[in-house]
Structures are given as C-alpha cells and as structure tokens.
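Hi,

Here is the structure I promised to pass on. My notes follow below it.

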Amino acid sequence: MPTARDEVLPLLLRLGVPESVYQAGGLPARSPVTGEIVAELRQATAADAADAVASAAEAFAAWRKVPAPRRGEFLRLLGEELRTAKADLGRLVTLEAGKIVSEGLGEVQEMIDVCDFAVGLSRQLYGLTIATERADHRMMETWHPLGVVGVITAFNFPVAVWSWNAALAFVCGDPVVWKPSEKTPLTALAVQAIVERAAARFGGIPAGLSQVLIGGRDLGEVLVDDHRVALVSATGSTAMGRQVGPRVAARFGRSLLELGGNNAAIVAPSADLDLALRGIAFAAIGTAGQRCTTLRRLIVHSSVYDGLIPRLAKVYATAKIGDPREAGVLVGPLIDKGAYEGMQAALVEARKLGGVVHGGHRVETLGGPEAFYVAPALVEMPAHAGPVLRETFAPILYVVRYDDFDDAIAMHNAVGAGLSSSLFTLNMREAERFVSSEGSDCGIANVNIGPSGAEIGGAFGGEKETGGGREAGSDAWKAYMRRATNTINYGTTLPLAQGVTFDIMG
C-alpha cells in the first residue's frame, strides 16, 4: 500500500487544487491513515476572512437577482462535476479523514444527492397566499435570499456537511464562506476547485460566491462576529455551540447549530435480533465511532440481553481493523491522538464505576507512531451513569439493561443531547409510542434501523444540546431565506384590520 503522501499529491493535482496552496505554509495536513504529514498549507488571516466576507457581500448583491431556476442550473452543473470527481474526492476523504473506501465514496454521493435535491428545489421555493379579513385585498408571503452564509464544518464529514448547507444556500440566492476543520483542509480545497469548474461552465458567477478559509479558530470567529454574515451554520461539539450561538445572537444574526449526539437504541423483547445486531454494529463502529449519529448507548431488555450481547461482543472482536484503503476493513483510524486519549479517559472512568470493557485498546501494529487505530469498545455498565451520559467521539458503546419500557424511554431521554435514536421492536404499540410526543425526544427517531445513516430527503438535526438546527430535506431551505408578508389593496377604500377605525378630515 503506498504512503498517504504518495496518493494525496496526485489526487490534489487531478482534482485541480493549485500546488501553491499546499506546498508551502504553516498548517500541516496529516493523514490519520499513516500519521504522516502529507502537505503544508498556507493559512488565511483574520484580515483575509474579513475580505472574504466583503467579497461575498458583493456577490450576494448580484446572485440574489439571478432567477432561482437559473441558480438551480448551477447546482446541476456542480452535481455533474462531483460525479466526474467522485472517485478521486472519495479517495481523498479516506486519506484525510480515515474513512473506509465505501464511506468516503458515500460521502461524495451524498453531495451529489443534495445537488439533485437543490435543483428540484429551485422551482419549489413556495410562499403562501393568506386569507385576509379585508375586502379587495390580497395577502401573501414571499421568500427572499438571506445574505452571506458562513459555514463551519467538522472533520468527520469533511465535505458532505458543507454541501448540505452550500447547495441550499446557493439555490436560495446566498453566497457561502466556508471555514473547514483544520484537520481536513485538503478536501475543502478540492471541493472549491470543483465548484470553480462548475462556475466556469455556468458563466457569469459573481466572484466571491464560494470561498474557503484555511486556518484556525480566529477565522471562525470572524464569521461569527461579522454583521454581514446573515447566517452561521456551525457543526461541531456542544461546547463550541455554546460559544457560537450567543455571539451570533448578540448581533441579531441567525445560527444553525448541529452539535453533539449521545445517541441510544432500545432493544425490546420482541426485537428481530439478527436485524438488530447488524444495525447496532454499523451504527456503533462505522467511521470508527466518529459520527455525530454514532450509536453510543444500548438499552437492552433483560429477557434478550444474554441472547444479544455475547453475539455483539463476537462482532466487536472480529470486525477487521486496519488501513481503510484495504478491502474488508470496517474500522479505520481515529482522527488523532486527542481522540485516542479522550477514548481512554472515558474507559478508565467506566471501569471505576464497575463497567466491564471488551476491546478499546490501541492496535499499535497499524500505521505509524502518529496513527491511532483502536479496537471498538463494548462496555457493559451496571447503571446509566458517569461517562454514559456524555458523548465521547470514539467507538465506545455502553450497554445497560432495562425491564420496563417506561424506564427505557426515561433512560433514553436522560442525556443532554437529542440528535438521533432508535428502537428495535416488532411490537406496534412500542414502536408508535417511541415516535410519539411521549417517546424519543430526538430530532431523528427510527424503528428497526440504527440511529446512523441519514438521507438528505429528511431534515437532519436534533433538539436540546444538539442545537435545534435542521439541514437538508423538508423545509430546511427556509433557514437560508428571509420571509416577507405582503398585503396588496386593489380596491378604492382603506379598511383596517380588527375593525379599527381611524377617520381623518381630508
């Protein structure tokens, strides 16, 4: 298998990324696959970020005038370019984020899907005609482009989350300034090169419609604090969201926050255990546990516990860990040393509380000294407490027992985050209750599938400490537009609402 660097540089060349941006700079780009530094990037400054926002504001003045179906044509072309680049961009995702090959390709497919979604949306940005109490009047709502959209993304979905936001923003008439994670800058540069090819084919795209800022926290702070950025869409930890949300609100801007997820699945007595086993395994160990929708808590009825957990432990013990480029590998590396240390700290705490840990150790024979491969950890806990109540961004699945369905739902909802959830059952009453208002308190509630693996057709996001934002699907486009209510009087009198009279002498 070639070194990561030997693969990355030709990929960047084929994807159209200028050599000048990744061959001399102060930000090292490291592949978690081998632990090696594969490029050195020039970092933007806070002044560069301010200039990018100014350029985006100018682009907005022009792009908002382009009819929405024409904006949809740009998204169609972008989807075509992504199809052409899918193999190379997917491979770059694998090398920079550590995802297995099918997941890297799947992430790019998600980008293609959301572009297709946005093309259809370009002719469906509907307002309403509203019944009015005044004769000879018409009342309606109109949706207008919002303004500059700042997008801050995390390492675990280095390109798909940008597309969820950018595709909708572009079709709604908004420019995008993107600050990707410092851990995955190369994929962002590749996407920008792809966007520029689509823009060249479209013709007439205003400069500044799509921009990327490579660097650290100071760049994100510019987007958060600049009043010209109408919407900040930020994906990351709940701790990050606690800072972003109030700062954007202080200037009366909008924020769309996609934050932590401490997702659970309940396995009921009637569950199809073969189905549950597959759903649990993918949701818990896919992407090495580094999804916001990763399954982190498993709440199992006592009557099926002994029939499920030994089988699950066997899956954990036999799942192939290794270089994500290799066929058959299911678990690639953690993103970096910090993720590994966070995982080990959580396991130490679990053991102190009486948890029985299966796996969780570092596999030191894989990668170099700066590559962190781990065996997924299955942790049988005596109580729903301690680290079980927090999200650790690593492949740890805590297992607890339950006897009463009410208690299972109470445990399920007894955490700060409220992103995704699932129930495995063949009992219709349990299933319907779980998705009702008194069941799961999450933004995503599934039955007989795991909590991971969302489609772009459904609005993605969660409640409570997950932030409350929604991306893709449904009416999420409204976050990228502003609504105006219009009343038109086509009569000769001026009746007032609510029967108010206001007679003046003329």
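The notes cover the sheet, then one lysine.

This is a predicted model: local features need pLDDT of at least 70, side-chain atom pairs count only at pLDDT 80 or more, and totals for chains, interfaces and linings use all residues. Residues are numbered from 1 along each chain as its sequence is written, and side-chain values use heavy atoms, without hydrogens or water.

The sheet: 5 strands form an open, parallel sheet, ordered E7-E6-E5-E8-E9. Helices (H or I, at least four residues) and strands (E, at least two) are DSSP runs, numbered from the N terminus. Two strands pair if DSSP finds at least two bridges between them. E7 (210–212) and E9 (254–258) are the edge strands, each pairing on one side only. E8 (residues 229–235) pairs with E9 over 5 bridges. One partner pair is Leu 231 and Arg 254, the latter in E9. Helix H8 (residues 238–250) packs on the sheet and touches E8 and E9 (contact: heavy atoms within 4.5 Å). Its direction makes about 170 degrees with that of E9.

The lysine: Lys 99 sits in the loop between helix H3 (68–97) and helix H4 (101–121).

Best wishes

Terms used: Axes fitted to C-alpha atoms, helices over the stretch in contact; angles between N-to-C directions.
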